[in-house]
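Visitor: I have a structure to look at and some questions about it. Could you take me through it?

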Amino acid sequence: MREQLKTIQKELGIEKDDRTTEIDKFKERLKEITVPEAAQKRIDEELDKMSMLEVGSPEYAVTRNYLDWLTLMPWGKFSDDKLELKEAREVLERDHEGLKDVKDRIMEFLAVGKLKGSISGTILLLVGPPGVGKTSVGRSVASAVGRAFFRFSVGGIHDEAEIKGHRRTYIGAMPGKFLQAMKEVEYANPVIMLDEIDKIGTSYRGDPASALLEVLDPEQNFDFLDHYLDVRFDLSKVLFICTANQLDTIPAPLLDRMEQIKLSGYIASEKLQIVKKHLVKRQIEKSGLQAEQLSLPDETLSGIIEDYAREPGVRNLEKRIGSITRKVALKILEGTEPPIEVTPDKLSDYLGKPLFENEKAIKGVGVVTGLAWTPMGGATLSVEASRIHNYTRGFKLTGQLGDVMKESAEIAYGYLVSQWDAFGVKKDFFEKAFLHLHVPAGATPKDGPSAGITMASALLSLAKEQEVEKKIAMTGELTLTGQVLPVGGIREKVIAARRIKIFDLILPEANKRDFDELPDNVREGVKVQFVKEYGDVANILW
């Protein structure tokens, strides 16, 4: 009887059938968007086909879903950009401490947009260690320019269809993530963040990194072709922000399409400001405390940063603050009267033994302080050289050194043996001595060429039987002819030297620009001597 009632209503024109309702819905959507000619032609063809198909046929469902996606795309819909530079600067300063390079680049981008009257798309790559705020920068940028924000992680993606969509013939076919983003944000000019682009995978299903080449190329993405949609869509107005922890695993053609901005991590003073302005408030709220129930003086916060959270990022630091707030919450519920003040001497009760020992510069014949870069930031290394015996000539290395570092040690040894007379070493020293070079700590793997001049100085100190009187640290790659080549991680290394109160440094001449670009508070009080060849290093030390 219900079916008969439906049939009578259709014949009288009182009720439309499902197919007509769907077609009218699609046509209604088209009134609100500006569809390009090619896409409009495809939509018209599909609407004609749909009007002839039976509602129960499989082809009807495919066509209906396809038209649904075509009409939900934000063709020609753009959000208005906020081009007030002062407001944008305030948003970036409010949300992030430090990160000057990133903020300056965003402000340049906005300034160009203001002059042109509109912001064009661009592709930025933020590279840095975990926890330095790469993902949150993307949100701040979207907020600063007044655009919709869409984030998805490409880490571990193995299927090319995640980027470019499935073909419509497959059951459950969908467009790729980029067109899904457009549908969700309802504008064609959002800020899209691609997280963990260095961890993208490959498999027999395709190579997603290669599929990204079209998306992230300004010369191609104005007519991006998705396999499902099969109609060109303009992605050129999208602001892409990619994040990565390292560059080594990103394919070179993909890297070439992105503008790199390095985030090298925060120094202790910046971390202190971040903790005071953001992290403590957030963790107090998470723990259900009131701000007046817990007191964390600056000395305590500095103690947490130095002894428990030296990483370049602040994620681990936030975990430590969270650990303290949870323990304080428990104490209050157990009857301790608030406010509770956590002083530096009580930190071990809340967080256990300090994770980081205070480094000390060791002195003596054959001992020289070097500077190293680690994933945790900078560190100092006391390279030790000793003469084991005079029975036979030889050279031994310990300290879990990588291949590159072993080669650096052999270059240092070979260089000094060939230049013994230039440095005032006794002729028979290298002929008879069995030398042992050790780089503490033995359990920590080490690699890289930057300890070249440090190892050469330790061996020379032993050969001359003179210790380095000055409190000085150094870094630089050494060649077999005695040239000193540039190294990376200058910021972290300078901070590491400051931490153990060493303010005299030896750096390669080619790193002068890197040192000059450091913030004033990092360079303050640091005396640096730049060297081109190892003879300059020896003259400074003795």
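This is a predicted model: local features need pLDDT of at least 70, side-chain atom pairs count only at pLDDT 80 or more; totals for chains, interfaces and linings use all residues.

Guide: In α18, the buried residues are Gly452, Ile453, Thr454, Met455, Ala456, Ser457, Ala458, Leu459, Leu460, Ser461, Leu462 and Ala463.

Visitor: How many of the 13 residues of α18 are buried?

Guide: Buried here means under 20% relative accessible area. By that cut-off α18 is mostly covered. The count of buried residues is twelve.

Visitor: How far does α18 reach from its first C-alpha to its last?

Guide: The helix covers residues 452-464, which is 13 residues. At 1.5 Å a residue, 18 Å is expected. The model comes close to that, with a reach of 18 Å.

Visitor: Which residue just after α18 takes a positive phi?

Guide: Look just past the end of the helix, where phi is about 60 degrees. The residue with that positive phi is glutamate 465.

Visitor: Why is strand β17 largely enclosed by the rest of the structure?

Guide: The strand spans residues 504-508. It is largely enclosed because, of its five residues, the number buried is four.

Visitor: Which residue of β17 is the bridge partner of methionine 474?

Guide: Strand β14, residues 472-474, runs parallel to β17, and three bridges join them. Methionine 474 has its bridge partner in β17, and that partner is isoleucine 506.

Visitor: And which residue in β18 is the bridge partner of proline 508?

Guide: β17 also pairs with β18, residues 527-531, in the parallel sense. That pairing has five bridges. For proline 508, the partner in β18 is valine 531.

Visitor: What is the strand order in the open sheet of five strands?

Guide: The pairing is parallel. The edge strands, each pairing on one side only, are β2 (149-153) and β7 (259-262). From one strand to the next, the twist averages 20 degrees. The order reads β2-β3-β6-β1-β7.

Visitor: Which residue in β6 stands opposite leucine 124?

Guide: β1 (residues 122-127) and β6 (residues 239-244) run parallel, joined by six bridges. Opposite leucine 124 stands isoleucine 241.

Visitor: Which element gives the largest share of the lining of the second largest pocket?

Guide: This pocket has a volume of about 500 Å³. Its lining has 22 residues, with Gly131, Val132, Gly133, Ser136 and Val314 nearest the centre. Elements giving two or more residues are α7 (134-145), α12 (268-286) and α14 (315-333). The largest share, four residues, comes from α12.

Visitor: How many residues of that lining are charged?

Guide: Six are nonpolar and eight are polar. The charged residues number eight.

How values were computed:
Residues are numbered from 1 along each chain as its sequence is written. Side-chain values use heavy atoms; hydrogens and water are left out. Two strands pair if DSSP finds at least two bridges between them. Axes are lines fitted to C-alpha atoms, for helices over the stretch in contact, and angles run from 0 to 180 degrees between N-to-C directions. On a 1 Å grid over the protein atoms alone, a cavity is a set of points where a 1.4 Å probe fits but cannot get out, and a pocket is an open set with protein on both sides within 12 Å along at least five of seven lines; lining residues have an atom within 4 Å of a point. Grid points are joined across faces, edges and corners, and a volume is the space filled by probe spheres set on the points. Ala, Val, Leu, Ile, Met, Phe, Trp, Tyr, Cys and Pro count as nonpolar, Asp, Glu, Lys and Arg as charged, and the others, Gly among them, as polar. The expected span of a helix is 1.5 Å times one less than its number of residues. Buried means under 20% relative accessible area, exposed over 50%, partly exposed in between (1.4 Å probe, protein chains only).
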